[in-house]
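Please view the sequence and structure below first.

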Amino acid sequence: MKATMSYLDTGSGFPVLLGHSYLFDKSMWSPQIEALAKQFRVIAPDLWGHGESPALPASTTSLVDLAADHLALMDALQIEEFAVVGLSVGGMWSAELAAAVPQRVKALMLFDTFIGDETSEARERYFGMLNAIDTAGVIPPAMLDYIVGQFYSQHAAPADVQQLTAYLSSLTAEQLRGSIVPLGKQIFGRPDRLSVLDSIRCPTQVATGELDLPRPPVEGRLMAEKLGCDFTLIPNAAHISNRENPGEVLRLIEDFLSRHL
């Protein structure tokens, strides 16, 4: 039997499933969870090998599998219909999930994400970094600074930057080699899945931090165009937009969900 992801289940109302970024955990959403839980039942899982979740299962080899793993969690909680709000890789598997079970996903928000493939240059860079981490069993200091700089801009709270740096520094060789590296290769080696957007039937919104480096606004705009939905540029925010501009992201989520649920 497959292991179960660790998750937070709080609040009451229509269920909302939250998907966090790679190299974060469910606490990424802490600026929004308390307010959302006043109106909704909030389910916030940890990705495999992140936070309190067990290691990446051998059977999870793609973003399609990752979407199925989150659906299995909702099945285990006996939740039939729900909304999904995903950021970064959380948005990637969220889009797969909304396309796979359109009768169950009733609303979808995609933050700082893109389900097209990486450029060959970006894929080569990411795989080079992942292979270096796999060999060393640690994230080298110079690479650590680069990674944190990809997630956060000068608008980030110093405590958030320190927390991410400490978390990445604390990852063991076993965690890195067993979950972080293989999951990274699934994310950055993904095929172009933009055609999946054609199968999404629920109300959808796309938003991207104006300073996002790994997932620039042009990608979010492209997905919104394909979905025929609204695109929002989030000011004063980079990749982890919900922490750099938490109030604006909460406003977007509450407004969207209140209109469509």
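The points below cover the annotated domain and the cavities.

The model is predicted: local features need pLDDT of at least 70, side-chain atom pairs count only at pLDDT 80 or more, and totals for chains, interfaces and linings use all residues. Residues are numbered from 1 along each chain as its sequence is written, and side-chain values use heavy atoms, with hydrogens and water left out.

**Annotated domain**
- An unreviewed UniProt entry places the feature "domain: AB hydrolase-1" at residues 15-132; such annotations may be inferred rather than shown by experiment.
- Residues 15-132 are 39% helix and 20% strand, with end C-alpha atoms 40 Å apart (DSSP runs: helices H or I, at least four residues; strands E, at least two; numbered from the N terminus).

**Largest cavity**
- The whole structure holds 2 cavities of 30 Å³ or more (sets of points on a 1 Å grid over the protein atoms alone where a 1.4 Å probe fits but cannot get out; lining residues have an atom within 4 Å of a point).
- The largest cavity contains about 320 Å³ of space, a volume being the space filled by probe spheres set on the points.
- Its lining comprises 21 residues, of which Tyr-22, Leu-23, Tyr-126, Phe-151 and Phe-188 are the closest to the centre.
- At least two lining residues come from each of helix H3 (89-100), helix H4 (120-136), helix H5 (141-151) and helix H7 (173-188).

**Second largest cavity**
- The second largest cavity contains about 30 Å³ of space.
- Leu-18, Gly-19, His-20, Pro-45, Asp-46, Leu-47, His-70 and Trp-93 line the second largest cavity.

Terms used. On a 1 Å grid over the protein atoms alone, a cavity is a set of points where a 1.4 Å probe fits but cannot get out, and a pocket is an open set with protein on both sides within 12 Å along at least five of seven lines; lining residues have an atom within 4 Å of a point.
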